[in-house]
Amino acid sequence: MQHDRRDTLNATCLNKTLSRAEWQLGRRVAQQLFVDESHKFIYCEVPKVGCSNWKKILLLLKLNLSRDVAEVNRGMVHTTNLLKRLSSYSPKQQVEFLSTYTKVMVTRHPLERLVSAYRDKFLHPGTYYSTVVANEIKVFSKRKQNFTKNVTFQEFVNYVVTRNLKNMDIHWQPMFLLCDPCNIHYDILGKFETLIQDVDHVLRRINAPESLYYPDTKSHASQKRTNKDITLDYLRKLTFDQIQMVMDLYQIDFSMFNYSFPLKRDFFL
C-alpha cells in the first residue's frame, strides 16, 4: 500500500515538475512540521485531517507520559510551547532531522476536507473564523442583506477559489503545498480513510509505547463528523462551474494522493 502511494505521488511530482534539484526548505512548510526528538519522529500537520489527535500523541511522546491520550485537552495542543516545530531548529539540525527521522504525512479527500473546514470554522459562533474571516467573506460576496447570518457554503467556495495559493489559509490550502511531499521524502503516507491501520504502522515504526493509540475525538462533539454523504449534500449546493473551480484548485492533491470525484452534470440535477 505504501509502495503504491509513493509511486502515485512520484508520478505526479514528475508530471508537474514539482521536485527541485536545488531545494531549500520553505519556512511555511517548516512551521507545519512537528518534531519529537526522543522517537526521531516528524509529523506534517494538515488541518482537518485529524491533526489535533496527532498532536495529542506527539505531546504524550514528548513528555513520556502513560496517560490516556483521550484525556489530553484538545485546545491545549494547539497553544502549548511543548510541541516543537522544525522551524525552531537551526538549518543544520533541520537537514539532519529530515534525512534521519521517520517522517509522516496524512491526507484526506480534498472535497471532504473542504466541507469539514467550512462546517468546523463557520457554523459555530464566537470564533475568529465565524466573525473576522466570515465578515471578510461577506464583504467579498458583496452581501448587503442578512449580513449577520452565517456565511453560506457557496460564498465560502467562491472566496476560497479566488485566493492566492501560496498565502491561502492552511485549513483549506492544498495539502501538497503544506507538506511539500515532492521534496521531502515522507516515510509513511497515511490517509484519513485508512487512519487506524496507518496510525498503528506509524506507532510501531517509531517504537511508541504499546498503550498509545489514536483517540477518535473531534472538535464539536455534538456535530456529526464530515463524511462522504455529508460532503455530497454540500457539493449539491454548488453549480457545475463552482465544482469545476474547486476541482481545478485541488487538482494536484487529487492526482498526487490518488483521490477521485466523477464530475458529471447529472450530479447537479
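This is a predicted model: local features need pLDDT of at least 70, side-chain atom pairs count only at pLDDT 80 or more; totals for chains, interfaces and linings use all residues.

Modeller: Residues are numbered from 1 along each chain as its sequence is written, and side-chain values use heavy atoms, with hydrogens and water left out.

Colleague: What is the order of the strands in the open sheet?

Modeller: The order is β3-β1-β2-β4-β5, an open sheet of 5 strands with mixed pairing. Strands here are DSSP runs of E with at least two residues, helices are runs of H or I with at least four residues, and both are numbered from the N terminus.

Colleague: What makes β3 and β5 edge strands?

Modeller: β3 and β5 each have a single partner strand, so one side of each is left without a neighbour in the sheet.

Colleague: How do you know that β2 and β4 pair, and in which sense?

Modeller: Two strands pair if DSSP finds at least two bridges between them, and β2 and β4 have 4 bridges, in the parallel sense. Within this pairing, Y43 has V104 of β4 as its bridge partner, and C44 has M105 of β4.

Colleague: Why is β4 described as largely enclosed?

Modeller: Buried means under 20% relative accessible area, exposed means over 50%, and partly exposed lies in between, with a 1.4 Å probe and protein chains only. By that rule 6 of the 6 residues of β4 are buried, so the strand is largely enclosed by the rest of the structure. Both of its faces are covered, with T102, V104 and V106 on one side and K103, M105 and T107 on the other. In β5 (residues 188-191), I188 and G190 point one way and L189 and K191 the other way, and all are buried.

Colleague: How do you know that C13 is in a disulfide, and which cysteine is its partner?

Modeller: A disulfide is a pair of cysteine sulfur atoms within 2.5 Å, and the sulfurs of C13 and C182 are 2.0 Å apart, so C13 and C182 meet the definition. C13 lies in helix α1 (residues 2-15) and C182 in the loop between α9 (175-179) and β5, so the pair ties together parts that are 169 residues apart in sequence. Both cysteines are buried.

Colleague: Why is the disulfide of C44 and C179 given a handedness, and which one is it?

Modeller: The torsion about the S-S bond of C44 and C179 is about -95°, so this disulfide is left-handed. C44 lies in strand β2 (residues 41-44) and C179 in helix α9, so the link ties together parts that are 135 residues apart in sequence. C44, at 1% relative accessibility, counts as buried, and C179, at 0%, counts as buried as well. The structure holds 2 disulfides, and when the bonded cysteines are numbered in sequence order, their pairing is 1-4, 2-3.

Colleague: What keeps C51 from being counted in a disulfide?

Modeller: The nearest cysteine sulfur to that of C51 belongs to C44 and is 10 Å away, and C51 is in no disulfide. With 7% relative accessibility, C51 counts as buried.

Colleague: Is S87 buried or exposed, and how do you know?

Modeller: The relative accessible area of S87 is 14%, so S87 counts as buried. S87 is found in the loop between β3 and α5 (91-100), and, leaving aside its neighbours within four places in sequence, S87 is in contact (heavy atoms within 4.5 Å) with R27, A30, Q31 and Q94.
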